There are 2 protein chains.
Amino acid sequence: MNVISGIAEMQSAAEELRRSGKRIGMVPTMGFLHEGHLSLMRIARSHADAVVTSIFVNPTQFGPAEDFEKYPRDIERDTRLAASAGTAILFVPTVAEMYPDGYATYASVDRITDVLEGKVRPGHFRGVATVVAKLFHCAAPHVAVFGQKDAQQVAVLRRMTLDLNFPVEIIVGPIVREADGLAMSSRNVYLSPEERRQSTVLHRSLAKAGELIRAGERRAGVLIGAMSDLIAAQAAAKVDYISVADADTLKELQVLAQGASVLLSLAVRFGATRLIDNSLVNL
Amino acid sequence: MNVISGIAEMQSAAEELRRSGKRIGMVPTMGFLHEGHLSLMRIARSHADAVVTSIFVNPTQFGPAEDFEKYPRDIERDTRLAASAGTAILFVPTVAEMYPDGYATYASVDRITDVLEGKVRPGHFRGVATVVAKLFHCAAPHVAVFGQKDAQQVAVLRRMTLDLNFPVEIIVGPIVREADGLAMSSRNVYLSPEERRQSTVLHRSLAKAGELIRAGERRAGVLIGAMSDLIAAQAAAKVDYISVADADTLKELQVLAQGASVLLSLAVRFGATRLIDNSLVNL
């Protein structure tokens with residue numbers, strides 16, 4: 001595995017791969033890799049000849065009160081793990097080169113960024129869209145793989161890729177979970193043992209809603225009520241939002257229509273730690 | 001010359017050129033070509049193996065009260081002229097494919113878009129940055145050529161290309177003028193014979209300011225006053241702005257410092273027609 005930090009060097013390496021007829025698969029990450037990230041690298045490998053994994057804790061997607069500074073980092077471990085999962089090039093740009101003095105350009109996606117995570121984290125998706133546009137220009141991927149864990153991010157990046165005519169195919173990898181159902185996340189390390197125990201409620205409430213739907217329930221309000229009740233039973237949990245929305249437009253649904261693709265999603269705080277999870281249901 | 005309308009077809013053609021080791025030069029235009037555009041194609045040809053000229057009257061860079069509908073178009077003549085100036089591929093996408101239903105993504109550049117043209121035409125440069133990002137993804141140019149006539153556009157696109165890490169070199173072609181000094185523009189056809197006669201005042205006032213600078217004048221206010229007096233003598237002319245600014249940041253200058261790169265620019269209305277012109281002075 002080759003580790004590249006400079007943007008020009010990354011662009012040359014990508015150009016070289018393309019010139020020799022190789023397909024490039026990209027997995028953009030913020031590092032502190034877990035099995036979820038590694039699964040995306042394996043998916044990328046199955047669609048490409050060379051996998052470029054980027055590790056960049058992107059300051060423009062963190063709000064001023066968020067955890068940019070203390071976001072967990074472990075580049076030595078990440079380097080080992082990325083290599084083990086088939087990454088050919090690990091791209092680790094610096095903040096100084098990504099956002100030099102005088103930096104002024106942003107990519108933004110209207111409407112679907114106004115709800116859910118975008119509502120709670122203003123500016124977050126502008127930062128995500130911008131950094132992914134930049135990373136695509138650095139690594140020139142044919143295909144890029146993102147995790148379903150960040151469902152709204154997937155919707156935003158699909159929209160951006162389509163709208164700006166990036167010649168990049170977007171592939172989505174399924175959520176990878178711990179044995180007890182908690183979705184893997186770099187932020188899980190923030191949880192105290194007690195919070196960690198209670199955090200399984202995210203997965204359990206999504207499972208409960210899924211059961212209700214399979215039993216015929218079609219009223220979004222009833223599903224949200226059931227999830228809300230489960231979460232309320234956990235003392236440390238505070239709900240940011242629980243959403244039942246159209247999977248593409250992210251517009252909230254009142255009733256689940258036959259044939260609809262529905263995104264159940266939620267964000268719950270445990271102390272200072274904010275966890276998200278979701279489930280996609282096709283009726 | 002090959003004429004391509006579909007975006008996917010353009011991307012395939014660009015991929016094909018790149019795979020065969022050819023350098024692609026791009027000239028984005030809104031058509032109704034004149035000698036200024038043709039000079040850019042010749043410059044592109046001198047830096048690339050294949051020139052892609054795009055013709056697209058981009059709705060997102062026109063304000064609601066502007067001339068999108070009546071912007072002059074003549075695709076037959078343009079096709080002939082583009083071929084004569086060495087264009088290999090004429091790319092003429094449709095509005096429907098460039099901005100499909102649900103379109104939501106924009107590229108925007110902060111700060112330098114708040115002044116001059118950006119101040120008078122809110123949203124204009126967001127539209128320009130967005131369409132150029134899209135066109136770059138369609139034609140995958142190694143080098144793109146823009147005209148100095150649109151000086152602020154050049155500054156905005158340089159900034160965007162740098163900030164978003166587009167692997168594209170930006171080259172700027174000089175302003176091409178009519179025999180009497182009027183800068184060539186597709187909008188010149190709007191002028192009545194009397195307005196056309198008076199319109200040379202843009203060029204004459206820039207020339208006057210240049211003379212004053214060469215004679216030692218360093219006060220921006222004096223330069224603006226002299227240009228303003230000349231324009232005021234033309235009955236049909238109404239000044240939008242006259243600016244003496246730093247060529248990179250576009251910040252207004254009070255005094256021209258030694259070593260400065262200074263952009264003299266102005267926008268003047270003749271009836272419903274708005275003309276711009278500029279001159280770059282290195283001290």
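Predicted model: local features only at pLDDT ≥ 70, side-chain atom pairs only at ≥ 80, totals over all residues.
**Entry 1: the axis**

**Entry 2: where the chains meet**

I went to the contact between the chains next. I found 23 residues of chain A in contact with 23 residues of chain B. Which elements of chain A each supply at least two residues to this side? They are α1 (7-19), β5 (105-109), α6 (124-139) and α7 (151-163). β5(A) gives the most, with five residues. I sorted this side of chain A by class and got 13 nonpolar, five polar and five charged residues. I also compared the two sides. Of the interface residues of chain A, 100% are interface residues in chain B too, so the copies meet through the same surface.

**Entry 3: strand to strand across the interface**

I followed β5 from one chain to the other. β5(A) pairs with β5 (residues 105-109) of chain B in the antiparallel sense, over five bridges. Ala107(A) has Ala107(B) of β5(B) opposite.

**Entry 4: a sheet in chain A**

I traced an open sheet of three strands in chain A. The order is β8-β9-β10, with antiparallel pairing. β8 (237-246) and β10 (273-282) are the edge strands, each pairing on one side only. Neighbouring strands are turned by 15 degrees against each other on average, direction ignored. Between β9 (residues 261-270) and β10(A) I found 10 bridges. In one of them, Leu264(A) has Ser279(A) of β10(A) as its partner. Helix α9 (residues 201-214) of chain A packs on this sheet and touches β8, β9 and β10 of chain A. The direction of this helix makes about 20 degrees with that of β10(A).

**Entry 5: a helix pair in chain B**

I turned to α9 (residues 201-214) and α10 (residues 220-232) of chain B. Their axes come within 9 Å and cross at roughly 150 degrees. α9(B) and α10(B) are therefore roughly antiparallel. The crossing is right-handed. From α9(B), the contact includes Val201(B), Arg204(B) and Leu212(B). From α10(B), it includes Val222(B), Met227(B) and Ile231(B). By class, I got nine nonpolar, one polar and two charged residues for this contact.

Terms used. Residues numbered from 1 in each chain as written. Chains lettered and ligands numbered in written order. Contact = placed C-beta atoms within 7 Å. Axes fitted to C-alpha atoms, helices over the stretch in contact; angles between N-to-C directions. Helix = DSSP H or I, 4+ residues; strand = E, 2+ residues; numbered from the N terminus. Parallel < 35°, antiparallel > 145°, perpendicular 65-115°, else oblique. Left-handed = near helix turned anticlockwise from the far one by under 90°. Nonpolar A, V, L, I, M, F, W, Y, C, P; charged D, E, K, R; others polar. Pairing = 2+ DSSP bridges.
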